[in-house]
Amino acid sequence: MLVAALVVLAAIPASAAGVEAGSYVHGGFYPGDGFHSTADLDALAAATGKRVSLGGTFMAVTEDWGRPADPNEWSNTREKIDELWRGGTVPFVNLDFPGATAAQVANGSWDSRIQHWVAHVKLYLNKGGGRALIVAPLQEMNGKWTSYGCQPAAFKTAYRRIVQIVRGQGLDETRVRFAWAPNGWTDHGCGSIHDYYPGDDVVDLIGISAYRWAEESVYQVMGAIIDDLAARYPRKPLIIAQTAAWPTGSKQQWIRDVFDWAASHPHVVAVLYFNFNKETDWRVWKNGQLDPGWRDGMRKSTTVYQHPLSSWFEKGPLYLVGKPGKDLCKEGHAKPCDTVVVRESSGLFQIFQYAASGFAKVTKSFVYGRPGDIPLVGDWDCNGTETVGLYRQSDGFVYLKNSNSAGNASISYYFGRAGDIPIVGDFYGDGCDTVSVYRPSEGRFYIINDLRGGKADFSFVFGRIGDKPFVGDFDGDGTDGIGLHRESTGLVFFRNKPSAGWADSEFVYGRAGDKLIAGDWNGDGKDTVAVYRPSNGMLYIKNKNAAGNADAQVWIGPIDGLASMAR
């Protein structure tokens, strides 16, 4: 049983706009020729069987420098952006500043060029029909390959200046949204990616460039940095603003995997493919031929199309809106399914609606105990309902409640020593949970079958000093066993009975530093593992006690730990 401390996301203002996330993703695409994007996107949609929601382009702020912004005259800016809109997409414009340093943009040297470009953008917007666009100024600013790169302080000032000029020309968030679009990795000597973040008030979306240059997994290419960004900026919608795969034998499957991963990630809302022949032939659509990986990814039920993306351009700040994820509990489940309970260090308990993929939804909260108490969950009165409790690690006192509510303890007593880690389980199969302890200094479990102080009924050594204990009915026989998690390596091993001996099962799951709990997530009567990753606030749930990928992942935020509870 782990200490729990959930940080609940701030309430979204009533005037805010929302981007829904969780269980699906929007497709996006960079057509090859900016002046014929409509025809290209139409042909791509016919070949795919589904349209993309976002159309990407690269544009210089000097695109129409020297050309008047006259609705009766030609405008490169207007035509390129409008081609994307007429192709059934919301334009995603990477706005380049050729030859400029970030400091030059920041000090106002490029103000007149920005203002002139905005005048041409208005030619597009003034065509009406709900037209809007997303602008990513000075993309990939954390790399040395751009003239404005590797200048974090100047970049932040420059980015904010660009936003201020656009907004000052009367283009509010109902017409133009802004994306902060760094590269997925930061060049050596250029600091941290977070050094370039210009501020919540000027960033509507976050989009990264993430290319597969070799035989790398999706997580290696984009997963790690996305998890980092999700943890740091939890209310910002995340986009894979540029991605493509080097042409290898595994390219097609990798693209399919990108769609699956993006749809399952509760913060990722779109993936845009870079369909160009540049460093290599990255294309998935060329000469009227479509790669099967892209076709299959787009045809997935979790890949969605919407035009226009109206909710993205409503009045007010743009927030990520997470629908409660899909309930992991099976139809016609034989046993009660477990959910997740967490506790803030302040004493606030949070009980989630159910174990899910996507976002977690809190259905009940109340304050109980003191800061530093360790939360417990169990059926203390043997009535089939699990309720909360506390273990005060400083002195070994146990405080249990027979209801999930604030107030005084229903049962209290002393068991164990200062520093012991409490575990909760039904070790005798009688339908009653009790509080036992694991003593880290000895690597020893002390098991007791009553809610009382005094001497343990029995004790035994299992595992190594430093391992972290957990409890579960791993074989579905109605009696809990004990397990240990070696956080330094991700090793998980357990016995089906509370006793010493060889492990009945052993496998590696998760990563070093993950925190492990067990629960019956799908109602099959057997407890399986889940790991919480402090670096990104995600819980990775398995429906089998085995190595491999998670069956579901749910974002619950920054916490110190958590526990499972039968619903």
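Colleague: Why is Arg212 called buried?

Modeller: In this predicted model, Arg212 has a relative accessibility of 4%. Buried means under 20%, so Arg212 counts as buried.

Colleague: What makes Arg212 and Glu215 a salt bridge?

Modeller: The N to O distance between their side chains is 3.2 Å. The cut-off is within 4 Å, so the pair meets the rule.

Colleague: Is Glu215 buried or exposed, and how do you know?

Modeller: Glu215 has 53% relative accessibility. Exposed means over 50%, so Glu215 counts as exposed.

Colleague: How many salt bridges does the rule give in total?

Modeller: The count comes to 34.

Colleague: What makes Glu63 and Lys80 a salt bridge?

Modeller: Their closest N and O atoms are 2.8 Å apart. That value lies within 4 Å, so the name applies.

Colleague: Why can this pair be said to tie parts together?

Modeller: Glu63 is in the loop between strand S3 (54-60) and helix H2 (76-86), while Lys80 is in helix H2, so the bridge links parts 17 residues apart in sequence.

Colleague: How do you know whether Glu63 and Lys80 are buried or exposed?

Modeller: The relative accessibility of Glu63 is 19%, and the relative accessible area of Lys80 is 13%. The limit for buried is under 20%, so Glu63 counts as buried and Lys80 is buried too.

Colleague: What makes Asp64 and Arg67 a salt bridge?

Modeller: Their side chains meet at 2.4 Å, N to O. This is within 4 Å, so the pair qualifies.

Colleague: Why is Asp64 called buried, and why is Arg67 called partly exposed?

Modeller: Asp64 has 3% relative accessibility, so Asp64 counts as buried. Arg67 has a relative accessible area of 29%. That falls between 20% and 50%, so Arg67 is partly exposed.

Colleague: Which residues have the most contacts inside the largest nonpolar core?

Modeller: They are Phe97, Trp180, Met222, Ile239, Trp294 and Trp312, in a core of 102 residues. Helix H5 (residues 152-168) gives the most to this core, with 8 residues.

Colleague: What is Trp312 in contact with, leaving aside neighbours within four places in sequence?

Modeller: Its contacts include Gly18, His26, Arg177, Ile239 and Leu318.

Colleague: Which residues are among those of the other core?

Modeller: Leu328, Tyr532, Leu539 and Ile541 are among its 15 residues, and this core lies apart from the largest one.

Notes. Residues numbered from 1 in each chain as written. Predicted model: local features only at pLDDT ≥ 70, side-chain atom pairs only at ≥ 80, totals over all residues. Heavy atoms only, no water. Helix = DSSP H or I, 4+ residues; strand = E, 2+ residues; numbered from the N terminus. Buried < 20%, exposed > 50% of the residue type's maximum accessible area, 1.4 Å probe, protein only. Core = buried A, V, L, I, M, F, W, Y, C linked by side-chain atoms within 4.5 Å. Contact = heavy atoms within 4.5 Å.
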